[in-house]
Amino acid sequence: MTSKGDTASDTGPLDAVFAETVRRTGASIGALYLLAPDEQHLFLDVLCGAPAEIAAPWARISLTAPAPVAEAVREDRLVWAGSQDELARTYPRTAMALPYPLALAAAPVVGVRRWGALLLMWPATRPPYMTQRERGNITSSCRRLARLLEEVLADGRIRAPHEGPRVISAGLGRAPTGQTRAADDFVERLPGGSCSLDLEGRFAYLDSGACELLGREAEQLLGTLPWQSLRWLDDPAYEDRYRAAVITREPVAFTACRPPDHWLDFHLYPDDSGISVRIVPTGGRHAPPSPAPRESAGAQARAARLYQLTHLSAALTEVVGVQDVVDVVADQIMPAFGARSLVLSSADAGRLRITGYRGYTPEAIERLDGLPLDTAFTPAGQALSSGVPAFFASQEEMGRAYPDALLVSGKHAWAFLPLIVSGRPVGCCILSYDRPHDFPAEERAVLTSLAGLIAQALDRARLYDTKHDLAHSLQQALLPHTLPPVPGLRVAARYLPATRGMDIGGDFYDLIRLGDTAVAAVIGDVQGHDAAAAALMGQVRTAVHAHAAHGATPDRVLAATNRLLVDLGTELFTSCLYARLDFAARRVALASAGHPPPLLRLPDHGTRTLDVPPGPLLGVDPGAVYPVTDIPLTAGLMLVFYTDGLVETPGVDLDDSITDLARDLAEADIHDLDRLIDTLVGRAGSNWQRTDDVALLVLHHTADRP
């Protein structure tokens with residue numbers, strides 16, 4: 001493992017090129033994210049133009065998160081948001097945590113492999129568009145960064161994601177300019193006071209006028225944060241003005257009162273090296289123009305924590321299942337508070353069942369799993385019964401109250417957060433640390449607030465998982481487990497749930513033997529993605545099967561099923577495609593109830609969409625008529641039935657998508673039908689996010705039958 005000194009030496013060229021990229025693009029803030037070893041997350045490696053504290057909520061980002069840097073890596077493209085409005089439309093969570101006028105670009109850093117992404121931010125004063133030359137410069141810089149990463153990390157010298165980002169200056173590699181005596185004299189002659197803050201907000205310079213107005217000597221203030229060394233500036237509104245200056249690089253102003261009644265105007269002028277501050281008495285004749293309205297003082301919470309809480313709250317509102325809650329806590333809340341381990345438990349039948357963990361051994365988890373809600377083995381029982389979080393800053397504190405828990409855990413500091421909803425315990429969240437950790441009052445307040453949000457999210461997620469498991473079990477019971485063998489006919493089918501949201505739906509397929517000389521094939525799609533859709537799917541499939549078994553023609557099968565759905569009074573509609581393959585007559589008869597057209601592939605590889613005029617969806621019109629299409633059944637003929645989830649993509653014309661599917665079928669190898677289905681469902685790539693479920697049914701007539 002390389003030391004800090006070695007790491008700095010190894011990454012020196014990389015940092016210099018990164019700083020040069022930020023300068024050349026005119027960006028005010030730059031960040032380089034690298035893929036974590038698990039390739040499921042991005043971690044912040046280098047930061048320029050902002051303090052690490054501001055970037056803390058985004059120090060670790062899931063590759064599946066709806067964030068610009070994650071999307072740039074996932075889709076291997078440059079992501080651009082030219083204004084705050086555009087950012088709010090496309091990435092609302094990011095915009096909520098960055099409520100400032102700005103422009104933003106994220107570009108993938110790719111060489112011999114995916115390395116991560118480059119994030120650049122500009123003040124809103126830049127044009128809200130990006131030229132081709134700018135895109136080319138950013139892309140070229142990303143390739144250069146990738147080459148340097150390959151050199152720096154060629155022998156495995158990769159920094160651990162938990163070490164925190166390196167913060168560098170955009171001036172890295174440029175010769176520094178020293179302050180001259182003439183400049184000092186110039187500043188001293190100005191009325192009012194002048195001071196300078198670095199990008200982390202600490203005093204770097206104060207003239208005598210600033211010291212007089214602030215009521216402190218320079219030695220007492222240099223290196224300190226204004227809102228910590230000057231209690232009357234301890235207001236999140238003032239810290240937010242500093243934050244706005246850092247992120248937007250635009251001048252800002254505010255007015256504050258130094259006790260007992262000295263009102264002062266502060267004017268902040270930022271650039272990539274820090275912030276120049278002019279301080280003048282409010283209403284004075286030497287004041288710069290347009291001071292900001294007065295802000296109330298006295299709030300003790302840190303603005304950084306408030307923004308962190310806002311960001312994490314937004315993340316928790318987007319979770320769906322219990323595993324999503326575990327991932328958000330592990331990937332975003334743990335890094336934000338420096339925790340190294342996690343145990344998330346749910347209350348179930350009077351016991352705490354562990355639903356997710358990080359950083360603990362399986363043996364420790366086995367010992368902790370299933371503890372009663374009122375357990376005295378760990379602080380979890382007391383926290384749940386009282387509803388008050390418990391914080392232990394060291395092993396000594398834990399050992400005095402819970403010596404047995406200390407032996408099992410092996411950690412050095414803990415936060416036990418009870419998860420309570422309407423007075424009802426739903427679980428417990430335990431954050432732990434590998435070294436002693438003080439919990440300042442404001443950190444405890446934020447963690448306590450987060451505990452309530454986690455509890456709400458976990459309660460919703462458990463309800464979702466319960467409904468999902470019920471609907472999924474119902475759907476699996478209603479889909480055919482196997483398809484009957486039919487001489488002279490090769491058959492394969494596949495059902496794929498949606499990759500986002502409730503991953504069950506109403507898509508179905510079936511193959512029905514009709515004596516020795518015929519077979520019926522059916523595919524359908526019931527509207528919805530819940531238990532009601534799955535239940536209706538079972539009713540439709542049963543109705544089709546019953547009418548088909550009595551020898552009804554395709555149009556009559558659909559008409560009878562349609563009347564059943566109308567009589568049921570369901571509010572869900574169903575599309576359906578029904579085909580009867582008659583091997584004796586060597587014909588195929590098809591009818592459609594608003595379903596996507598099937599694909600026909602001939603023995604010479606000629607492939608086309610089969611024109612089957614659709615009737616209305618099932619359950620809409622009791623008198624609906626379903627036209628029948630008749631085609632020859634020849635040896636080598638292949639039919640592919642599918643549901644709309646395979647071909648519907650936002651922003652893509654449906655006809656174009658079906659045409660592309662037909663082309664893929666024409667070029668595919670059909671010797672193995674399961675591999676053929678793999679090809680058809682994988683046509684959109686490994687990153688395809690299915691918003692709807694998909695069903696496919698492939699029929700290949702191999703030989704004529706007597």
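Begin with the elements around the largest cavity of this predicted model: select strand 1 (29-35), helix 2 (52-55), strand 3 (60-62), helix 3 (68-75), helix 5 (92-97) and strand 6 (114-123), each of which supplies at least two residues of its lining.

Next, display side chains within this selection and beyond it. The lining of the largest cavity comprises 26 residues. To centre the view, pick Tyr33, Trp58, Ile61, Leu98 and Leu119, the lining residues that lie nearest the centre of the cavity. Colouring the lining by residue class will show 20 nonpolar residues, together with four polar and two charged ones.

Now move to the second largest cavity, whose volume is about 180 Å³. Its lining is formed by 16 residues, and Leu368, Leu371, Thr378, Phe416 and Ile430 are the closest to its centre. For the surrounding elements, select strand 13 (341-348), strand 14 (351-358), helix 17 (403-409) and strand 17 (413-421), which give two or more residues each to this lining. Which of these elements gives the most to the lining? Helix 17 does, with three residues.

The lining of the second largest cavity divides into 13 nonpolar and three polar residues, with no charged residue.

Key: Residues are numbered from 1 along each chain as its sequence is written. This is a predicted model: local features need pLDDT of at least 70, side-chain atom pairs count only at pLDDT 80 or more; totals for chains, interfaces and linings use all residues. Side-chain values use heavy atoms; hydrogens and water are left out. On a 1 Å grid over the protein atoms alone, a cavity is a set of points where a 1.4 Å probe fits but cannot get out, and a pocket is an open set with protein on both sides within 12 Å along at least five of seven lines; lining residues have an atom within 4 Å of a point. Helices (H or I, at least four residues) and strands (E, at least two) are DSSP runs, numbered from the N terminus. Ala, Val, Leu, Ile, Met, Phe, Trp, Tyr, Cys and Pro count as nonpolar, Asp, Glu, Lys and Arg as charged, and the others, Gly among them, as polar. Grid points are joined across faces, edges and corners, and a volume is the space filled by probe spheres set on the points.
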